[in-house]
Amino acid sequence: MRKQILQARKKIIDEKSVDLKQPVAFSTKGLAIKFKNGEEVAFPDIQVNAGEKVLLTGDSGSGKSTLFKLILGEEKATRGEIEYFDESGKVVKPDLAEIGYLPQSPVLFPATIAENITMFYDKLEQFVSGAINDVQLASDISKFPDGIETEIDLNKLNVSGGQRQKIVLARSKVHDSKLILIDEGTSAIDQAATMRILKRLVKTDATIVFIAHNFNDEMQKIFDHEICLTR
Ligand SMILES: Nc1ncnc2c1ncn2[C@@H]1O[C@H](COP(=O)(O)OP(=O)(O)OP(=O)(O)O)[C@@H](O)[C@H]1O
Ligand SMILES: [Mg+2]
């Protein structure tokens, strides 16, 4: 398993075109997607600048998760376009793999917690403990006898839903993503911890788009602005 991941990664790195840049900001124009079943979702024109912290809201089914998938290149737009920018606002050809993404149901590997955070990049091990503090995972980990070396058992579910989300969040921290998309990333994490995580996240200079279903005034105030999608 480990060997397979390492080989796959080497292949990706080898094939990576050198002119791909890490995207930091993006904008969309006339963006729409039509699914095979005929359902169409159209988006307002959106601009998210470098370093901004944006709250993305809208009713269930309004297209929030779909927007993330379009930005990540996981879905293809039928109309319109997405432009990506670097720190200085220059249009770049994006290396989409460098976008940090916390999906509604995060994916973990049958490996240790530390490896799930570094994704087997040994060089990133030095950043693991800092990231664990940032995402409020330290007290969870102190309860595991093997600490960050605890093997995640996908069948036995030895880590909770909230802990999974924190692990994936720590993953984007150690990889130093400059653009992080969080899809209700803290839904399984309790409100108080969510606030502590958000407060740390907004202090970083990363651009963050955060989808939330349930948010209060206090949470809303943390963000620079809100984008609300309607059907
Ligand atoms: N692969 C797909 N095939 C067909 N329809 C889809 C597909 N993915 C999304 N949709 C439709 O697109 C619309 C937007 O879905 P999306 O998951 O983006 O909503 P959302 O705003 O994230 O909702 P929620 O708040 O419940 O997570 C929905 O009507 C959904 O049924
Ligand atoms: Mg969604």
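Author: Gln136 sits in the loop between helix 4 (128-134) and helix 5 (138-142); helices here are DSSP runs of H or I with at least four residues, strands are E runs of at least two, and both are numbered from the N terminus. The model is predicted, so local features need pLDDT of at least 70 and side-chain atom pairs pLDDT 80 or more, while totals for chains, interfaces and linings use all residues; side-chain values use heavy atoms, without hydrogens or water. Residues are numbered from 1 along each chain as its sequence is written, chains are lettered from A and ligands numbered from 1 in the order written.

Gln136 is not a glycine, yet its phi is positive, about 65 degrees. Its relative accessible area is 16%, so Gln136 counts as buried (under 20%; exposed is over 50%, partly exposed in between, with a 1.4 Å probe and protein chains only).

Another loop, between helix 6 (161-174) and strand 8 (179-183), holds Asp176. Asp176 also has a positive phi without being glycine, near 55 degrees. With 47% relative accessibility, Asp176 is partly exposed.

Then there is ligand 1. Around ligand 1 there are 15 residues, and Glu39, Ser60, Gly61, Lys64 and Thr66 come nearest (a residue is near if one of its heavy atoms lies within 4 Å). Helix 2 (residues 64-72) gives the largest share of this shell, three residues. An oxygen atom of ligand 1 is 2.7 Å from a side-chain N or O atom of Lys64. For Ser65, an N or O atom of the side chain is 2.9 Å from a ligand 1 oxygen.

Key:
A polar contact is a pair of N or O atoms within 3.5 Å; within protein, one must be able to donate a hydrogen and the other to accept it, and residues adjacent in sequence count only if both atoms are side-chain atoms.
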